[in-house]
Amino acid sequence: MLYDTHAHFDSEEFAGDRDELLEKVHQEGVDLINNIGADMESSRDSIRLAENHDFVYATVGVHPSEVGGMTEKDIEELREMAKHEKVVAIGEIGLDYHYMDGTSEEEQRFWFKRQLELAKELDMPVVIHDRESKGQCIEILKEMDIHKGVMHCFSGSAETAKILLDMGFFISFTGVVTFKNARKAVEAVKAIPIERLFIETDAPYMAPEPVRGTRNHSGNVIRVAEKFAEIKGIDVEEVKRITTENAKRFFGIN
Ligand SMILES: [Zn+2]
C-alpha cells in the first residue's frame, strides 16, 4: 500500500505523458494519489484528473504565491468545486514569504484566512503550505481554531512538529528527507509518531535521492517510506500500510 498524498500532475512538466505515467505508477504499486490544486486552473485540472483516474483524488485551493488578484468569485467557485465527490480537501493554502511574486504578506494572510473559513464552513480538511512565514502560518491556524490539517513538505524542527501535533495536525514529508543534509528533517521524523505521518512526492518537484534533480513522480514516493523505515527502525511494509491508513482516514477515502 502506498499513498502519494501530494502531487501536481496537472503541471506542464507532464504535458507529454501525464495519463500514461499515472497509469504506470499505479500499476507499479502506488495505490492512491492526491492531485493538489495550487490556483484556480490547477484546481479545475485536478478534478479532471480525478474524474479520469479512479485512484486519483483532488484538492482545490489557491497557493499563497498565486493569490494576487484573487476575488470572492474565486471563493464561490472553490466552494462549488469542493462539493465534487472526489475533492478531499481544501489546499494547498498557506503563507509563503519566500516567493512574493505579485502578492503582499497582507494579501496572502487575507486569502489564507478566507480559504480556511471556507474549509470550516464545508467541514473539510486543509493542506497547508508554510514557507518563511515567521510563525504567522501556525498563528493563524491557531487563531482560526483549525485542527483537521496536514502540514505538507514539512521543513521545520522537531519542536515545531510538536506544536502541530498538539493542534491535531498530521505532518507530511517529501523526498527532501532523503537528502544528505536533511539532519533536521530526520530529527523531526524521529519525534513524530508514525500514526501522524504522511508521505508525498510534491511531484514534479523535490525528487528524492538517488534521482535528486530529475522530474519527480509518484513512483518515487517509496523512497520516503524507505527513509521513514530506516529512521524509525521498522519494516518498510509497516510504514507503507500505516501512512496509507493515516491518509485514507484523514481524506475520508474507503
Ligand atoms: Zn505542492
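The report below covers the basis of the values, the metal site and the nonpolar cores.

## Basis

This is a predicted model, in which local features need pLDDT of at least 70 and side-chain atom pairs count only at pLDDT 80 or more, while totals for chains, interfaces and linings use all residues. Residues are numbered from 1 along each chain as its sequence is written, and side-chain values use heavy atoms, with hydrogens and water left out.

## Zinc site

H6 (NE2), H8 (NE2), E92 (OE) and D202 (OD) coordinate the zinc ion at 2.1 to 2.5 Å. Donors are N, O and S atoms within 2.8 Å of the metal (3.2 Å for Na, K and Ca); water is not among the atoms, so sites may look incomplete. The sequence spacing of the donor residues is H-x1-H-x83-E-x109-D. Because H6 lies in strand β1 (residues 3–7) and D202 in the loop between β8 (197–199) and α8 (221–232), the pair ties together parts that are 196 residues apart in sequence. Helices (H or I, at least four residues) and strands (E, at least two) are DSSP runs, numbered from the N terminus.

H6 counts as buried at 1% relative accessibility, and D202 counts as buried at 7%. Buried means under 20% relative accessible area, exposed over 50%, and partly exposed in between (1.4 Å probe, protein chains only).

## Nonpolar cores

A nonpolar core is a set of buried Ala, Val, Leu, Ile, Met, Phe, Trp, Tyr and Cys residues joined through side-chain atoms within 4.5 Å. The largest has 73 residues, of which L116, I128, L141 and F173 touch the most other members. Helix α8 gives the most to this core, with seven residues. A second, separate core of 13 residues includes L32, Y57, V127 and F198.
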